[in-house]
Amino acid sequence: MEFYHRPVLVKEVLEGLKCQEGGTFLDLTVGEGGHAERILEASKKTVIIGVDWDEEVLERARRRLAPYGNRALLCRDNFVNFPALLEDLGIEEVDGILLDLGPSLFHLARPGRGFSFREDGPLDMRMDRRRPLNAYRIVNFWPLDELRKIIREYGEERWATKIVKAIGEVRSTRRIRTTKELADLVAEVIPRRYHPQKIHPATKTFLALRIAVNEELKNLKETLEKVPSFLRKGGRLCIISFHSLEHKVVKEAFRRFSSDCICPSWFPQCLCGGGKKMMEVITRRPITPSEEEKRDNPHSRSAQLRIAERV
């Protein structure tokens, strides 16, 4: 069976989670099961609970992890709902939690899913196709000011105003229906001398739409707030993030988890009276892929792994 996604920083994740000791681990972004398989291989005493929104991807994980029998439990759900999943399984605490926030190459390889700007397909981008909101609705029906805001903020796209103006002009006469239509429009709007050298000019716009469609940052923030309560003492949290907005959310959560003060960092003095330190940050600086891994797997180049331990 061919797998599209190559798990990144595998050795570092296994060491970070202390998988060799066995235990129950929660993979909140199981995808095709790459990390989960290696975690299960690390110890025969290991059980993994894998969560993913996408039924197609989850089915591939089921096939990959089938040799491990009931040591691999897979659930289709938004990872923000993991407390209810654990309750249904009668599990109060786990030994480790993994979040790999990288985009699924399976999605990018399927034009019909609408994630890729290199292949023509419908403007979709839903990880869970049961949800009503897709990229087509955002591009064609959201107020232009709101569309500009998400492309500027989520995509960190300096040309957001020009891109949205062009989208508005097209919207006045017809609908933008395919990924190629949108990618070509963005590429045409951005002056050629400002086209990025290593990425497609529509990359940031597509990233922004994907984040908006799937509420990625909102779900990540809500999930991180819940994580410490479900880790046993000494349990580890490993998060692999890939772009600046994810990095920022994870760093801020780790700062709160490891501080006795929960006031915002910009307060001149503590006003909360002192909180309760929940976790110890293990990685003072994020772990990044080696040059060898980046050569073998170019998709790993922006990955950053951060690890914290429950106290």
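A residue is called buried under 20% relative accessible area, exposed over 50% and partly exposed in between, with a 1.4 Å probe and protein chains only. The model is predicted, so that local features need pLDDT of at least 70 and side-chain atom pairs count only at pLDDT 80 or more, while totals for chains, interfaces and linings use all residues. Residues are numbered from 1 along each chain as its sequence is written, and side-chain values use heavy atoms, with hydrogens and water left out.

Q: Why is His243 called buried?
A: The relative accessible area of His243 is 13%, and the limit for a buried residue is under 20%; His243 therefore counts as buried. His243 is located in the loop between strand 5 (231-241) and helix 12 (244-257). Helices (H or I, at least four residues) and strands (E, at least two) are DSSP runs, numbered from the N terminus.

Q: Which residues does His243 touch, not counting residues up to four places away in sequence?
A: His243 touches Leu207 and Ile211, where contact means heavy atoms within 4.5 Å.

Q: Why does Glu156 count as partly exposed?
A: Glu156 has a relative accessibility of 42%, and so it counts as partly exposed. Glu156 belongs to the loop between helix 7 and helix 8. Its phi is positive, about 50°, although Glu156 is not a glycine. Most residues other than glycine have a negative phi.

Q: Is Met125 buried or exposed?
A: Met125 counts as buried, because its relative accessibility is 0%. Met125 lies in the loop between helix 5 (105-108) and helix 6. Met125 also has a positive phi, about 75°, although it is not a glycine.

Q: What makes Arg284 exposed?
A: The relative accessibility of Arg284 is 64%, so Arg284 counts as exposed. Arg284 is found in the loop between strand 6 (279-281) and helix 13 (291-296). Arg284 and Ile307 are 23 residues apart in sequence, and their C-alpha atoms are 8.9 Å apart in space.

Q: Why is helix 7 called roughly perpendicular to helix 10?
A: Helix 7 (residues 144-153) and helix 10 (residues 203-214) pack at an angle of about 110°, and their axes are 8 Å apart. That angle makes helix 7 roughly perpendicular to helix 10. Angles under 35 degrees count as roughly parallel, over 145 as roughly antiparallel, 65 to 115 as roughly perpendicular and the rest as oblique. Axes are lines fitted to C-alpha atoms, for helices over the stretch in contact, and angles run from 0 to 180 degrees between N-to-C directions.

Q: Which residues of helix 7 and helix 10 meet?
A: Leu147, Ile150 and Ile151 in helix 7 meet Thr205, Ala208, Leu209 and Ala212 in helix 10. By class, this contact of helix 7 with helix 10 has six nonpolar residues, one polar residue and no charged residues. Ala, Val, Leu, Ile, Met, Phe, Trp, Tyr, Cys and Pro count as nonpolar, Asp, Glu, Lys and Arg as charged, and the others, Gly among them, as polar.

Q: Why are helix 9 and helix 10 called oblique to each other?
A: The axes of helix 9 and helix 10 cross at roughly 130° and come within 9 Å. Helix 9 and helix 10 are therefore oblique to each other. Thr179, Leu182, Ala183 and Val186 in helix 9 meet Thr205, Phe206 and Leu209 in helix 10. The classes in this contact of helix 9 with helix 10 are five nonpolar, two polar and no charged residues.

Q: How do you know that the length of helix 8 agrees with its number of residues?
A: The expected span of a helix is 1.5 Å times one less than its number of residues. The 12 residues of helix 8 (residues 160-171) should therefore span 16 Å, and the end C-alpha atoms are 16 Å apart, which agrees. The buried residues of helix 8, including Ile163, Val164 and Ile167, pack against helix 6 (135-141), helix 7, helix 9 (179-189) and helix 10.

Q: Why is the protein called as compact as a globular protein of its length?
A: The protein has 13 helices and seven strands. Its radius of gyration is 20 Å, close to the 19 Å that the globule rule gives for 311 residues, so the protein is as compact as a globular protein of that length. The radius is taken over C-alpha atoms, and the globule rule is 2.2 Å times the number of residues to the power 0.38. Buried residues make up 54% of the 311 residues.
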